[in-house]
Amino acid sequence: MVNATYDRKEQFQQIQSGLLEGEQIIAVYDAVGTGTGFIGLTDRRVIIQDRSFIGKRYAITSIPYGKITSVSVVSNKSWGGSFFSAGAIAIHVGTHTYEVEFRGAQKSHHVHNVILHYIS
């Protein structure tokens with residue numbers, strides 16, 4: 001079994017409870033800002049908790065890597081510094097974009113690289 005990285009044990013356990021047979025967790029990171037609760041990466045898909053539904057409802061959305069068209073690093077400043085100076089990424093799936101912001105650029109770097117690995 002792969003040693004998964006995670007921020008919060010309850011989020012890791014939530015992802016773990018919905019795994020398909022043989023599926024392995026790579027990482028589960030807490031998200032900051034409105035809308036997204038956390039992102040999980042497995043060897044088969046990206047799992048995002050979306051808290052943007054009306055009435056305090058949320059959804060757990062599974063995105064197979066094969067459906068992701070691109071992944072972006074998101075920043076509100078110019079690229080004068082490091083490529084991964086920002087702590088946010090955008091995952092593009094068809095016409096929809098999921099934006100996830102993290103505490104720390106190393107998490108966005110890891111998520112970006114894992115997704116890029118599986119979609120290339």
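**Close-up 1. Packing of helix α2.** The buried residues of α2 pack against β2 (25-30), β3 (36-42), β4 (45-50), β6 (70-74) and β7 (88-93), where contact means heavy atoms within 4.5 Å. The model is predicted: local features need pLDDT of at least 70 and side-chain atom pairs pLDDT 80 or more, whereas totals for chains, interfaces and linings use all residues. Residues are numbered from 1 along each chain as its sequence is written, and side-chain values use heavy atoms, without hydrogens and water. Helices (H or I, at least four residues) and strands (E, at least two) are DSSP runs, numbered from the N terminus.

Close-up 2. Lys107, Ser108, Val111, His112, Val114 and Ile115 of α2 are buried (under 20% relative accessible area; exposed, over 50%; partly exposed, in between; 1.4 Å probe, protein chains only). These buried residues lie within an arc of 165° when seen down the axis of α2, so they line one face of the helix; the arc is that of the directions from the helix axis to the C-beta atoms. Gln106 and His117, on the other side of α2, are exposed.

**Close-up 3. Helix α1.** Gln11, Phe12 and Ile15 are buried in α1 (residues 9-17). Their arc around the axis is only 100°, which places them on the same side of α1. Lys9 and Ser17 are exposed on the other side. The buried residues of α1 pack against β1 (5-6), β2, β3 and β4.

**Close-up 4. The open sheet β6-β7-β8.** In this order, 3 strands form an open sheet with antiparallel pairing; strands pair if DSSP finds at least two bridges between them. Antiparallel β6 and β7 are joined by 5 bridges, and serine 70 has histidine 92 in β7 as its bridge partner.
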